[in-house]
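Please examine the sequence and the model shown below.

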Amino acid sequence: MLDHDTGPESDRASVVRSGPWRVIAPLAATGFALLVLGLGLGLALIGRHGGGAIQGWDRTVWQWSIQHRGPLVGLDKVISTLGDAGLLGPICVIVTLVALAVLRSPVALTPIIGYLGGEGLVYLIRAIIHRPRPLTANYPAHGALPGVHETSYSFPSGHSVAVTAVLFAVLGALAIARHWWWPWLAALAVSAFVADSRLLLGVHWFSDVTIGLALGIAWGTTVAVILARCTWTDLGLRRAAQESSPTPGGVRD
């Protein structure tokens, strides 16, 4: 039987179809697995509307945290502003565009993919699990800080998931490309500090930030591993563009 799909046009189409899928498939699979994990842990430990098995421990940590805020509350508020989805998103877009102009490589996409995946997980999980925040999340409640007004659902912590995902995606890609270990440690240290800031501000429960931290690490690491050595050719874009552009003499390379 003759194969009618063996010409240059078919080869080019095959590259375009298969290349991106080799990147999209593991990202989609990881995202789905983390969504199932987050929902499973949330429903098992927290319950759909809070008050689950871990609430007693969460309340103990919450009370300790708001009583031991220390001198860094001002910095915690700055982190809260920078890590909010409305500001973190544009920051990631700008960083991605600058990185694309400088690096001209798919690794430049790590900030925006890390952000979108992290925020996507938060949005989908919160669509199911409607956990109230601690009372101290909305000033002027007793124990709340002036300027703190957070009323969205509490699980998981959006800052812990998204900021962690972006840090691990960007610094993890750097670590892999340069064969360095310290960017991983830096990503973990900053992510843990962000998670702790949410507790000290009194806007999240302990399980919100710890499970959020785990989800962010998993997603960011996946993005870093997949994109660290990815090229446009791997995505099927460069080869397709080259094959569709004739050489000056009308002969394809």
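The sections below take these topics in turn.

## Basis of the model

The model is predicted: local features require pLDDT of at least 70 and side-chain atom pairs count only at pLDDT 80 or more, while totals for chains, interfaces and linings use all residues. Residues are numbered from 1 along each chain as its sequence is written, and side-chain values use heavy atoms, with hydrogens and water left out.

Helices (H or I, at least four residues) and strands (E, at least two) are DSSP runs, numbered from the N terminus. Buried denotes under 20% relative accessible area, exposed over 50%, and partly exposed in between (1.4 Å probe, protein chains only). Contact denotes heavy atoms within 4.5 Å.

## Helix α4

Helix α4 comprises 19 residues (residues 85-103); at 1.5 Å a residue it should span 27 Å, and its end C-alpha atoms are 26 Å apart, which agrees. The expected span is 1.5 Å times one less than the number of residues. Arg104 follows α4 and has a positive phi, near 50 degrees.

Leu88, Gly89, Cys92, Thr96 and Ala99 are the buried residues of α4. Viewed down the axis of α4, they fall within an arc of 100 degrees and so line one face of the helix; the arc is that of the directions from the helix axis to the C-beta atoms. These buried residues pack against α3 (73-82), α5 (110-128) and α6 (158-178). Gly86, Ile94, Leu97, Ala101 and Val102, on the other side of α4, are exposed.

## Aromatic pairs

Across the whole structure, four aromatic pairs are found. Rings of Phe, Tyr and Trp (its six-membered ring) pair if their centres lie within 6.5 Å; planes under 30 degrees apart count as stacked, over 60 as edge-to-face and the rest as tilted. Trp57 and Phe206 form an edge-to-face pair, because their ring centres are 6.1 Å apart and their planes lie at 85 degrees. This pair links distant parts of the chain, with Trp57 in helix α2 (residues 55-67) and Phe206 in helix α8 (residues 206-227), 149 residues apart. Phe206 counts as partly exposed, at 28% relative accessibility.

Trp62 and Trp205 form an edge-to-face pair, with 5.6 Å centre to centre and 65 degrees between the planes. Trp62 belongs to helix α2 and Trp205 to the loop between α7 (182-200) and α8, so the pair ties together parts 143 residues apart in sequence. Both Trp62 and Trp205 are buried.

## Gln55

Gln55 lies in helix α2 and counts as buried, at 14% relative accessibility. Not counting residues up to four places away in sequence, Gln55 touches Arg131 and Trp205. Gln55 and Phe206 are 151 residues apart in sequence and 9.3 Å apart in space, C-alpha to C-alpha.

## Nonpolar cores and cysteines

A nonpolar core is a set of buried Ala, Val, Leu, Ile, Met, Phe, Trp, Tyr and Cys residues joined through side-chain atoms within 4.5 Å. The largest has 22 residues, and Val23, Ile125, Phe155, Leu215, Trp219 and Val223 have the most contacts inside it. At least two residues of this core come from each of α1 (8-46), α5, α6 and α8, and α1 supplies the largest share, six residues. Leaving aside neighbours within four places in sequence, Val23 is in contact with Ile226, Leu227, Cys230 and Leu235. Another core, of nine residues, lies apart from the largest one and includes Ile79, Cys92, Ala162 and Val166.

Cys92 is buried, with a relative accessible area of 3%, and Cys230 counts as buried at 6% relative accessibility. With a disulfide taken as a pair of cysteine sulfur atoms within 2.5 Å, the count is zero disulfides.
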